[in-house]
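Keep the structure open beside you as you read.

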Amino acid sequence: MAWENAVFRENDLEVHHPGNEYQPSMLAGATADSALSVLLPTIASSPQAKNSRGVNVGFANIVGASGALREVLDLVRTVSPTDCTALIEGETGTGKELIARAIHEHGARRDRPFVKLNCAAIPLGLLESELFGHERGAFTCAVARKVGRFETADRGTLFLDEIGDIPLELQPKLLRVLQEGEFERLGSTQTLRVNVRLVAATNRDLAALVSKEQFRSDLYYRLNVFPIRVPPLRDRLEDIPLLIMHFVRTFAEQMGKQIDEVPAEVMQALVSHSWPGNIRELQNFIERSVILTTGNVLRPPLAGLKRAAEEEGLGAITLQDAERAHIRKTLEHTRWVVAGPNGAAARLGIKRSTLYFRMQKLGISRSDRTPLPAQQSCREAALDLPLD
């Protein structure tokens, strides 16, 4: 099923496509080429594409029409009118700050401050001061009183990004202000009270950090009142063409360019890419593509994108995973015969007892004969790992 080209207009979005309808089952069982042929007609006929150029009504700058995104926005609508803490989870670059701002703007505190702080971007020694403020002389270079983010966000919303990076020694003070609404500035004995709605975000597994005693369980339970999981871009394939169109239009207007067309093969390559950096990576790539485009047809540097994907694939496997895959591949070739001149141990150049030990250590069982994924098998075909 061939694609027609996507064409941009100044006041509306026009997509040339066959007159077929999208069905979820079609995408699930389709090849890359046929699945992509289905995506553009769906987006072109969706209400989100016809209204606000793909921007969801009531959510400025949140572009997409997928069911996964709509579920997130439904949760935002549900939690926004309340004052409860929301925990936004998701990979880097998925747009967690946009979701946090949407929660604020749809709540009763929309006319009050929205204050944000990236906890991973502040040095450990300064983070407490950034959160709670300090008095003059509280430490070296504290030449004046500083108001912290909690005070600034009083009666508004405080967004703490990368909250999983807050050090353990600071977590009790954060827990106190969340539960009691009170704290002291550094170098002060005066207790201050604030009324702040907290929205936190993280790309880390906080529950796993709790089990490793790297994050306080009581703080985790206090944060995890209303979790919202933002899906990665690879789980929102329907949204990629809309995002591409949105970013092309945005950057072309900023740079004074007229880009009217995205070729079908370009759109197919972009939708097929895994985008490990999610929307942020896609946005930066489209910006670079618009800069490099000299005519009215988008000409992105697809060769660099392919090379980056290959490098990522090669770096995504650990040495232990490679050893496990190599042993399993050899066992499959010998039909799981370990001993004998044609057995796996002989082919690997190790003793039978050594192979049994490695199989036990790596969790390889005779009962587990599921074939390796084709991509992993090919990746390991050239490996000759020393097993002794």
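Which side chain of opposite charge is nearest to D161, and how far away is it? The nearest one is K96, 5.2 Å away, where Lys and Arg count as positive and Asp and Glu as negative, with His and the chain ends not counted. D161 is buried yet has no salt bridge. Here buried means under 20% relative accessible area, exposed over 50%, and partly exposed in between (1.4 Å probe, protein chains only); a salt bridge is a side-chain nitrogen of Lys or Arg within 4 Å of a carboxyl oxygen of Asp or Glu.

Before going on, a word on the model: it is predicted, local features need pLDDT of at least 70, side-chain atom pairs count only at pLDDT 80 or more, and totals for chains, interfaces and linings use all residues. Residues are numbered from 1 along each chain as its sequence is written, and side-chain values use heavy atoms, leaving out hydrogens and water.

D161 sits in strand β5; helices (H or I, at least four residues) and strands (E, at least two) are DSSP runs numbered from the N terminus. Setting aside neighbours within four places in sequence, D161 is in contact (heavy atoms within 4.5 Å) with K96, L117, N118, C119, A120 and A201.

Now look at L160. Not counting residues up to four places away in sequence, L160 touches residues including L117, L131, L174 and V199. In the largest nonpolar core, which has 30 residues, L160, F150 and L174 touch the most other members. Such a core is a set of buried Ala, Val, Leu, Ile, Met, Phe, Trp, Tyr and Cys residues joined through side-chain atoms within 4.5 Å. Helix α8 gives the largest share of this core, four residues. A second, separate core of 26 residues includes V63, V248, L282 and I286.

Finally, the salt bridges: there are 18 by this rule. R109 pairs with D83, their closest N and O atoms 3.0 Å apart. This pair links distant parts of the chain, 26 residues apart. R109 is buried at 9% relative accessible area, while D83, at 49%, is partly exposed.

E130 forms a salt bridge with R149 at 2.9 Å. Because E130 lies in helix α6 and R149 in helix α7, this pair ties together parts 19 residues apart in sequence. E151 forms a salt bridge with R185 at 2.8 Å, and salt bridges that share partners join E135, R145, E151 and R185 into one network.
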